[in-house]
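Subject: A structure for you to look through

Dear colleague,

I am passing on the structure below, together with some notes on what was found in it. Please keep the model open while you read, and follow each part in turn.

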Amino acid sequence: MRYSEPAEADASIDIGPMIDIVFILLIFFMVTTTFVKDMKLELERPTASSAEAASSKAIRLFVDQNGDTYVDGEPVRLWLIQSKLRDLLSTATSKVVLVVTDEGVPAGRLVEVVDQARLAGAESVGVATKKEAG
């Protein structure tokens with residue numbers, strides 16, 4: 001009788017299924033994560049006791065202390081706000097505009113910006129406070 005030695009067992013691990021699971025998880029987290037575009041402006045937002053958290057789907061319109069306005073991180077003149085917002089609102093699922101402003105902005109400037117947003121077709125226009133804007 002001959003003694004035959006058993007063949008060595010294959011000691012490698014198949015990592016193909018693990019890579020598939022990692023990619024599925026990556027896609028899942030990318031789809032379920034909400035990205036909020038927020039500018040890096042130093043704004044001193046006003047406070048309000050009746051404030052509620054704002055929708056992350058709202059289009060944000062920024063007004064800094066000097067009265068300069070920004071939409072999507074780009075400076076926009078007052079007379080161009082309406083056309084820029086109209087373009088954004090036509091493709092947006094939510095027709096909500098949130099005006100993020102500095103506490104020192106004059107009320108007249110704020111009213112002009114809110115008026116331009118309403119003329120652009122926004123169904124709801126809100127002014128962000130510290131709690132609402134995050």
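In this predicted model, 5 strands form an open sheet, in which the order is E3-E2-E1-E4-E5 and the pairing is mixed. The edge strands, each of which pairs on one side only, are strand E3 (74-76) and strand E5 (124-127). From one strand to the next, the twist averages 30°.

As a reminder of the background, strands of a sheet pair through backbone hydrogen bonds, and they may do so in either a parallel or an antiparallel sense. Both senses can be found around strand E1. With strand E2 (residues 69-71), strand E1 (residues 59-63) pairs in the antiparallel sense over 3 bridges, and within E2 the bridge partner of Phe-62 is Tyr-70. Helix H2 (residues 81-91) packs on the sheet, where it touches E1, E2, E3 and strand E4 (96-101), and its direction makes about 160° with that of E1. Helix H3 (residues 107-119) also packs on the sheet, touching E1, E2, E4 and E5, with a direction that makes about 160° with that of E4.

The pairing of E1 with E4, by contrast, is in the parallel sense, and it runs over 5 bridges.

How many residues of E1 are buried? The strand is mostly covered, with 5 of its 5 residues buried. In a regular strand the side chains alternate between the two faces of the sheet. In E1 both faces are covered, with Ile-59, Leu-61 and Val-63 buried on one side and Arg-60 and Phe-62 buried on the other.

Elsewhere, a nonpolar patch lies on the surface, formed by Ile-13, Ile-15, Met-18, Ile-19, Val-22, Phe-23, Leu-26 and Met-30, which together have about 830 Å² of accessible area. One of these residues, Met-18, is found in helix H1 (residues 16-32). Is Met-18 buried or exposed? Met-18 counts as exposed because its relative accessibility is 52%, and the cut-off for exposed is over 50%.

With best wishes

How values were computed:
Residues are numbered from 1 along each chain as its sequence is written. This is a predicted model: local features need pLDDT of at least 70, side-chain atom pairs count only at pLDDT 80 or more; totals for chains, interfaces and linings use all residues. Side-chain values use heavy atoms; hydrogens and water are left out. Two strands pair if DSSP finds at least two bridges between them. Helices (H or I, at least four residues) and strands (E, at least two) are DSSP runs, numbered from the N terminus. Axes are lines fitted to C-alpha atoms, for helices over the stretch in contact, and angles run from 0 to 180 degrees between N-to-C directions. Contact means heavy atoms within 4.5 Å. Patches are made of residues with over 30% relative accessible area and no salt bridge: like charges are joined within 9 Å, nonpolar side chains (Val, Leu, Ile, Met, Phe, Trp, Tyr) within 5 Å. Accessible areas come from the Shrake-Rupley method with a 1.4 Å probe; for residues, only the protein chains shown count as cover. A salt bridge is a side-chain nitrogen of Lys or Arg within 4 Å of a carboxyl oxygen of Asp or Glu. Buried means under 20% relative accessible area, exposed over 50%, partly exposed in between (1.4 Å probe, protein chains only).
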